[in-house]
Amino acid sequence: KGTLVTVHLKMTTLFPVNNIALVDHLPAGFEAQNDKLMTNTESENTNTDTTPTWYIHKNIRDERVEVFAKELSVGTFEFLFTARAITIGEFKVPPTTAEEMYCPDIFGCSGSDLVTIE
């Protein structure tokens, strides 16, 4: 089945922004988990409830998680989700990105890293 991990994303805005897309591309070796499809035991162990929500929509894909917001004021916004380790190895963690969808000159990204699944 693979180990479940909680992914904690944190985005800080320095000025008000609109139509934001926050995208976290998972490293190979992981799959994002849809909390609504998890068993009771799994969901009890990985509570990723982020209420109150600042976003209006989220997409949970196998290889990435996308979160969309209409308007954000100045501040820090957090999003948690669950991923499952599915393959043993060392993998590159790609940067998480955020951008205004209709003004791509306003964007930001995290650094990258390496993760090992044993």
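Tutor: The model is a predicted one, and we can begin with its largest pocket, which has a volume of about 350 Å³. Of the 20 residues that line the largest pocket, the closest to its centre are Met11, Thr12, Ala98, Gly108 and Cys109.

Student: Which elements give two or more residues to the lining of the largest pocket?
Tutor: They are β1 (4-13), β2 (17-25), β8 (97-100) and β9 (103-109), and β1 gives the most, with 5 residues.

Student: How do the residues of the lining divide into nonpolar, polar and charged?
Tutor: The lining of the largest pocket has 11 nonpolar, 6 polar and 3 charged residues; in this division Gly counts as polar and Cys as nonpolar.

Student: What makes Tyr55 and Phe79 an aromatic pair, and why is the pair called edge-to-face?
Tutor: Their rings stand 5.3 Å apart, centre to centre, and rings pair if their centres lie within 6.5 Å. The angle between the planes is 85°, and because planes over 60 degrees apart count as edge-to-face, the pair of Tyr55 and Phe79 takes that name.

Student: Which parts does this pair tie together?
Tutor: Tyr55 belongs to the loop between α1 (40-45) and β4 (57-60), whereas Phe79 belongs to strand β6 (residues 75-85), so the pair ties together parts that are 24 residues apart in sequence.

Student: Why is the pair of Phe79 and Phe81 called tilted?
Tutor: Here the planes make an angle of 35°, and because stacked planes are under 30 degrees apart and edge-to-face planes over 60, with the rest counted as tilted, the pair of Phe79 and Phe81 is tilted. The distance from centre to centre is 6.2 Å, to be set against the limit of 6.5 Å.

Student: How do you know whether Phe79 and Phe81 are buried or exposed?
Tutor: Buried means under 20% relative accessible area; Phe79 has a value of 1% and is therefore buried, and Phe81, at 2% relative accessibility, also counts as buried. Tyr55, the partner of Phe79 in the edge-to-face pair, is buried as well.

Student: How many aromatic pairs does the structure hold, and which residues form the aromatic cluster?
Tutor: The structure holds 4 aromatic pairs, and Trp54, Tyr55, Phe77, Phe79 and Phe81 form one aromatic cluster.

Student: What is the order of the strands in the open sheet?
Tutor: The 3 strands of the open sheet follow the order β1-β6-β3, with antiparallel pairing. Because β1 and β3 (30-33) each have a single partner strand, they stand at the edges, and one side of each is left without a neighbour in the sheet. From one strand to the next, the twist averages 40°.

Note on methods
Residues numbered from 1 in each chain as written. Predicted model: local features only at pLDDT ≥ 70, side-chain atom pairs only at ≥ 80, totals over all residues. Heavy atoms only, no water. 1 Å grid on protein atoms, 1.4 Å probe; cavity = no way out; pocket = protein on both sides within 12 Å on 5 of 7 lines; lining within 4 Å. Points joined across faces, edges and corners; volume = space filled by probe spheres on them. Helix = DSSP H or I, 4+ residues; strand = E, 2+ residues; numbered from the N terminus. Phe/Tyr/Trp six-rings, centres within 6.5 Å; stacked < 30°, edge-to-face > 60°. Buried < 20%, exposed > 50% of the residue type's maximum accessible area, 1.4 Å probe, protein only. Pairing = 2+ DSSP bridges. Axes fitted to C-alpha atoms, helices over the stretch in contact; angles between N-to-C directions.
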